Structures are given as C-alpha cells and as structure tokens.
Amino acid sequence: MMKIIGPDYLVFGVDDVEGCRQFLLDYGLQEESNHYYSALDGTGIVLRERNDASLPAAIESGSQLRETVYGVADEVTLENIATELRKDREVSVDDDGVLHCFDDMGFALGFRITQRKAISLTAEKVNAPGDEYCRPINHTGASERMSAQPRSLSHVVYFVPDAARAEAFYSRLGFVCTDRFTHVGPFLRPGGTLDHHTLFLIQAPPFMTGIEHFTFHLGGPTELMMAGTRFIQKGYQSFWGPGRHQLGSNWFWYFNSPFGCHIEYDADMDLHDDDWKPRESMPGADNSQYFLLTSREKWAPGPDDAHA
C-alpha cells in the first residue's frame, strides 16, 4: 500500500513575492526560513520569483503553482512510488531526498517522507440538548481573542483537460475516488489519510490547466468564521462562502488571492476508509453546498428597527 498522506507543501512562482508574503501572513501562516510559510503542523507554502531557475517548468497556461509536494509515511512508500513512476516517465531525487516528476497533465509533483509535526489541539466543542455536555462548564464557546490559525494543509484542486486520464494516473499511486461530480471529476483520497479528499480534479479547457484553489484545515466552524471575518477586516475579498459543502461535509470560505487562484479556509471534513461507497452527483449549486451565507458588516438592532 502506498501511504501517501497528502500535500506537505505547495511551491508557487509569483510576480509579487512581497504581496503574496503579506497575504499568507494575514491568512494566518507563520513565516519560516527560505521563503516558507507554515501551518501549525509544518505543512505550508513555498514562495519563489516566477523566473527562479530552481523551479520546475511552468505549465503552458501560466499557472503560478509550480509543484505539489506530497508527504508519505515511510521509505517503502517512497520506493514504491519511484518504481511505479519510472515505468513510463523520468524521475529524479534531489539532495533533500525529494522525488520529482510530472503527472500526465503536466503538473510537477514531489514526494518525500513527511515532515509534518504532530500537533495536539482541542477541536471545537458543542453543547446540545440530548447529548452530554461537550464544552466544560463556565467555558465560553467563542471570544474575540480566540485563535483561528490554519492547522494543516488540506487539499488542492486542479483544472485539468482530461479528468479521466488524470484520475487514472493518481489511481496508480493509490488514490481512490470518494465522491464524484458527473462530467466534472473526482474527489480523491490517497492511502495514507482518511480525509475525504486531498485532491479534486475539475474537467476544463486546456488553456485553463492549473490550480483552482488550495486550503488549510481549521479547528472547527467557529474558527473558520472567525478567521474569515478577520481576513475581510484586513481588506481581502470573499469569493464564496461561508457555507457547508455536501460532498465532504466540510465548512468552507473562499477568498480571492494574488496566486492566480482562490484560497480557502475549511473545517470539519468527513473521514472515510475503504468501506466507503463513492457517491455521484450532478454539478451545480443545489449539490455543491447545503447552505451558503453572505458576509456583511457587523450590525445590531436598534429603535429604528422596531415594528409597531
């Protein structure tokens, strides 16, 4: 079994490094050395100048995503990946032990033994009639000072010209379909995680080939709402959300970004094992979310709102 856990980091080649740097800091990532911006578990984003000679070749569409580097559980998985990929493509290994190649759609891929850090953090607790109390007595459910930091790089979404061929490639590496949008593409879960998906493929014209969005997990829906609200207060533009998806059940809030794609906060994604039977839905608003909210400025009722 190939125990691919999920993306350890994404590499971007951008025109405005300083603007992207400030965006990631405002989003909630931490700045480390060598242009690396991390979530609490160490997964994150690498920023480079677009013309940096160390970057893999760019996709013809001009996508600023230059490489997706997956973390794997062990050396055996890394060796199995190399063996499988060398059947029909060039594979190289750099001085840091990262295996590099290109997938069938032209995306640069890397694989390494994961360097994620174990984190021990409480999730959001909910008190509900009929269930045992989950939040301790005299503990408030939210506060203006509560942390809402990205915990882990969740997933990446690609526009691809041939979703079936792209799915076949990732199936060779142990990715399985958890759910599917008809005529659009699959949500894919690799063998080393129970997350509903770490990759979603969207059928699109060739000129659109590239990244649609990437996202990080937060600790729950209240953290997501708090992080998104703070992001808007810093001047960033909401694109879609907040809401809750149907496939995957994850809460979402998408924003425009300077990376030529969207960025998302997500929380409370479904977990699945090999007993799960994939669902298939037609694409469209009715099947994309259970509900969708619209953010507005803070407001409170006053005397002018009273009705006779």
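In strand 8, Leu109 is the bridge partner of Cys101. Strand 7 (residues 99–102) and strand 8 (residues 108–113) run antiparallel and are joined by four bridges. Helices (H or I, at least four residues) and strands (E, at least two) are DSSP runs, numbered from the N terminus. Two strands pair if DSSP finds at least two bridges between them. Strands of a sheet pair through backbone hydrogen bonds, either parallel or antiparallel.

This is a predicted model, in which local features need pLDDT of at least 70 and side-chain atom pairs count only at pLDDT 80 or more, while totals for chains, interfaces and linings use all residues. Residues are numbered from 1 along each chain as its sequence is written, and side-chain values use heavy atoms, with hydrogens and water left out.

Now the sheet around that bridge. An open sheet of eight strands has the order 2-3-4-1-5-8-7-6, and its pairing is mixed. Strand 2 (30–31) and strand 6 (92–93) are the edge strands, each pairing on one side only.

Two helices come next. Helix 1 (residues 17–27) lies across strand 1 (4–14), strand 2, strand 3 (36–38) and strand 4 (44–49). The helix runs at about 165 degrees to strand 4. Helix 2 (residues 75–85) also packs on the sheet, touching strand 1, strand 5 (65–72), strand 7 and strand 8. The direction of helix 2 makes about 150 degrees with that of strand 8. Axes are lines fitted to C-alpha atoms, for helices over the stretch in contact, and angles run from 0 to 180 degrees between N-to-C directions. Contact means heavy atoms within 4.5 Å.

Helix 1 has these buried residues: Val17, Cys20, Phe23, Leu24, Asp26 and Tyr27. Buried means under 20% relative accessible area, exposed over 50%, partly exposed in between (1.4 Å probe, protein chains only). Gly28 follows helix 1 and has a positive phi, near 125 degrees.

What does the largest nonpolar core hold? It has 62 residues, and those with the most contacts inside it are Phe12, Phe111, Tyr158, Phe214 and Phe259. Helix 1 gives the most to this core, with five residues. Phe259 touches Phe12, Val14, Cys20, Phe23, Leu24, Leu47, Gln64 and Phe214, not counting residues up to four places away in sequence. A second, separate core of nine residues includes Val184, Phe200, Ile202 and Ala204. A nonpolar core is a set of buried Ala, Val, Leu, Ile, Met, Phe, Trp, Tyr and Cys residues joined through side-chain atoms within 4.5 Å.

Cys101 counts as buried because its relative accessibility is 4%. The structure holds zero disulfides (pairs of cysteine sulfur atoms within 2.5 Å). Cys261 is in no disulfide, and the nearest cysteine sulfur, that of Cys20, is 9.3 Å away. With 7% relative accessibility, Cys261 counts as buried.

Strand 14 (residues 238–245) takes us to another part of the chain. Strand 14 and strand 15 (residues 251–256) pair in the antiparallel sense over four bridges. They form a hairpin with five residues between them, and Gly248 in the turn has a positive phi of about 100 degrees. Strand 14 is also joined to strand 18 (residues 289–292) by three bridges, again antiparallel. There Arg244 stands opposite Phe291.

How do the planes of Trp240 and Tyr254 lie, and what angle is between them? The pair is stacked, at 4.9 Å centre to centre and 15 degrees between the planes. Trp240 lies in strand 14 and Tyr254 in strand 15, so the pair ties together parts that are 14 residues apart in sequence. Trp240 is partly exposed at 22% relative accessible area, whereas Tyr254 is buried at 4%. Phe252 and Tyr254 form a tilted pair, 5.5 Å centre to centre with 55 degrees between the planes. Rings of Phe, Tyr and Trp (its six-membered ring) pair if their centres lie within 6.5 Å; planes under 30 degrees apart count as stacked, over 60 as edge-to-face and the rest as tilted. By this rule the count comes to 27 aromatic pairs. One aromatic cluster includes Phe12, Phe23, Phe214, Trp253 and Phe259.

Trp251 lies in strand 15 and counts as buried, at 16% relative accessibility. Its contacts include Arg244 and Phe291.
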